[in-house]
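User: I would like to go through the labels used for this model. Please set each one against its cut-off.

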Amino acid sequence: MYRKIMVAYDGSPHSNKALSVGMELARCCGCELHAVAVVNLPDYAGTVAEVDDMVTRAREFYEKKLGDAVSRAAGKNVKLTTHLIFGHVGETIVRFARENNFDLIVVGTHGWSAIKELVMGSVSSYVIHHAACDVLVAKGRED
């Protein structure tokens with residue numbers, strides 16, 4: 001059914017739950033599994049050095065998180081490919097999925113109230129409404 005699965009991953013308990021679901025699907029289906037971390041850069045920065053510093057800090061942070069995810073997947077006999085991308089989180093996930101022919105996107109959810117989600121929006125909501133492929137929302141968190 002699925003050939004390529006993408007998990008939106010930021011190292012949070014909610015994205016760890018999404019990763020667990022993605023790993024189980026990949027293991028059962030024998031398909032590719034990719035974890036994608038997206039860093040949202042500011043729309044306006046004071047200097048180029050400010051943006052460069054943010055990129056450097058983001059790389060350091062996510063390289064560790066993504067490395068941990070690869071180790072975790074290896075422990076389940078699943079090969080995990082990781083990607084660190086910069087851009088608007090929801091838009092970047094949807095675009096990356098389309099450009100790389102993913103069949104399924106797995107996202108976690110923060111479980112916000114309907115009012116808070118209406119005011120603030122959510123990545124999972126954006127992906128559900130804009131992705132061209134199937135989207136699975138893994139509810140809850142993995143501690």
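Analyst: The chain has five helices and five strands. Along the sequence they follow the pattern β-α-β-α-β-α-β-α-α-β. The model is predicted.

User: What makes F61 and Y62 an aromatic pair, and why is the pair called edge-to-face?

Analyst: A pair of aromatic rings is described by the distance of the centres and the angle of the planes. Ring centres must lie within 6.5 Å, and planes over 60 degrees apart count as edge-to-face. The centres of F61 and Y62 are 4.9 Å apart, with 90° between the planes.

User: Why is Y62 called buried, and what is F61 called?

Analyst: Buried means under 20% relative accessible area. Y62 has 13%, so Y62 is buried. F61 has 42%, which lies between the cut-offs of 20% and 50%, so F61 is partly exposed.

User: How do you know that K4 lies over the face of F102?

Analyst: The charged atom must be within 6 Å of the ring centre and within 35 degrees of the ring normal. K4 is at 4.7 Å from the ring centre of F102 and lies over its face.

User: What makes R27 and E24 a salt bridge?

Analyst: Side chains of opposite charge can pair when their charged atoms come close. The cut-off is 4 Å from nitrogen to carboxyl oxygen. R27 and E24 meet at 2.6 Å, N to O. That is within the limit, so the contact is a salt bridge. The structure holds five salt bridges.

User: Where do R27 and E24 lie, and why are they called partly exposed?

Analyst: Both lie in helix α1 (residues 13–29), three residues apart, about one turn of the helix. An α-helix has 3.6 residues a turn, so residues three or four places apart point the same way. R27 has 47% relative accessibility and E24 has 39%.

User: Why is K64 called exposed, and what is D68 called?

Analyst: Exposed means over 50%. K64 has a relative accessible area of 53%, so K64 is exposed. D68 has 41%, so D68 is partly exposed. K64 and D68 form a salt bridge, with the closest N and O atoms 3.1 Å apart. Both lie in helix α2 (residues 48–75), four residues apart.

User: How do you know that E99 and R95 form a salt bridge?

Analyst: Their N to O distance is 3.9 Å. The limit is 4 Å, so the pair counts. E99 and R95 both lie in helix α3, four residues apart, about one turn of the helix. R95 is partly exposed because its relative accessibility is 34%.

User: Which residues of α3 are buried, and what covers them?

Analyst: The buried residues of α3 (residues 89–99) are G90, T92, I93, V94, F96 and A97. Their cover includes β1 (4–8), β2 (32–39), β3 (80–86), β4 (104–108) and α5 (123–130). After α3 comes N101, whose phi is positive, near 55°.

Terms used. Residues numbered from 1 in each chain as written. Predicted model: local features only at pLDDT ≥ 70, side-chain atom pairs only at ≥ 80, totals over all residues. Heavy atoms only, no water. Phe/Tyr/Trp six-rings, centres within 6.5 Å; stacked < 30°, edge-to-face > 60°. Buried < 20%, exposed > 50% of the residue type's maximum accessible area, 1.4 Å probe, protein only. Helix = DSSP H or I, 4+ residues; strand = E, 2+ residues; numbered from the N terminus. Contact = heavy atoms within 4.5 Å. Salt bridge = Lys/Arg side-chain N within 4 Å of Asp/Glu carboxyl O.
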